[in-house]
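This report describes the fold of one protein chain. Look at the sequence and the structure first, then read on.

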Amino acid sequence: QGNQDTLDRVIRRELEISEGELFNITRYRDSQKNLERLGFFESVKFIQKDRLAEQKMDLTIEVKEKETGSLQLGATFSSFDRFGVQGSVSKVNLFGRGYDTSLSATFSARRQMFNAYFRNPRVNDSLYSLTFQAFNTEVQSVDETRIAERGGSVGVGYPLSKNWRVNGTYGIKDIKIN
């Protein structure tokens, strides 16, 4: 209850307890910690209703969504860059699916930078994660040397245990110096 943005399946995939199984206090507590760790909710409450005659328990998960997006704009001045503007926008839990995304850009007389990032922490609700990143940077130094870097990467991750995760990333970068 209370999840206006987050899809039910995003919450359910973090649970270590299943419907119809015997109650396990450790997995119950771990499920609550998993939901709190997501960072999508201000509060997570597990409400139990015991049905003693049937030796069953009904469990309601009550969450309160929090804002997970940010927008930042700024202006800069330095002797190297002169005037510049920068901005970024990011959103965790995009479309209520748990996606982590961000875009950032900086523009000044001597520097132009752009970065885009997307991460799906649970591809098709599996344990695999998938990350994409792309960037474009152009910097002109004091001696008029111009360095342009363009590239991106794709990464895949998989948990080995609760505390350990293995990730592999393939990246490509094109660097031009003028």
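Helices and strands are DSSP runs, numbered from the N terminus; a helix has at least four residues and a strand at least two. With strands counted in this way, Glu144 sits in the loop between strand 7 and strand 8. The model is a predicted one.

Seven strands form an open sheet in the order 3-4-5-6-7-8-9, with antiparallel pairing. Strand 3 (69–78) and strand 9 (165–177) are at the edges; each has a single partner strand, so one side of each has no neighbour in the sheet. On average, neighbouring strands of this sheet are turned by 5° against each other, direction ignored.

| Strands | Bridges | Opposite residues |
|---|---|---|
| strand 4 (82–94) and strand 5 (99–108) | 10 bridges | Lys91 and Thr101 |
| strand 7 (129–140) and strand 8 (146–159) | 12 bridges | Gln140 and Arg146 |

In general, the side chains of a regular strand alternate between the two faces of the sheet.

**Loops and backbone angles**

The hairpin of strand 4 and strand 5 has 4 residues between the strands.

Most residues other than glycine have a negative phi. Phe95 lies in the loop between strand 4 and strand 5. Is Phe95 buried or exposed? Its relative accessibility is 61%, and the cut-off for exposed is over 50%, so Phe95 counts as exposed.

Glu144 is not a glycine either, and Glu144 has a positive phi of about 70°. The relative accessible area of Glu144 is 47%, so this residue is partly exposed.

**The nonpolar core**

Which residues make up the largest nonpolar core? This core has 12 residues: Val10, Ile11, Leu15, Ile17, Tyr28, Leu35, Phe40, Phe41, Val44, Phe46, Ile61 and Val63. At least two of the core residues come from each of helix 1 (8–12), helix 2 (25–38), strand 1 (41–51) and strand 2 (56–65). Strand 1 supplies the most, with 3 residues.

Tyr28 belongs to this core. With neighbours within four places in sequence left aside, Tyr28 is in contact with Ile17, Phe23, Phe46, Gln48 and Leu59.

How values were computed: Residues numbered from 1 in each chain as written. Predicted model: local features only at pLDDT ≥ 70, side-chain atom pairs only at ≥ 80, totals over all residues. Heavy atoms only, no water. Core = buried A, V, L, I, M, F, W, Y, C linked by side-chain atoms within 4.5 Å. Buried < 20%, exposed > 50% of the residue type's maximum accessible area, 1.4 Å probe, protein only. Contact = heavy atoms within 4.5 Å. Pairing = 2+ DSSP bridges. Axes fitted to C-alpha atoms, helices over the stretch in contact; angles between N-to-C directions.
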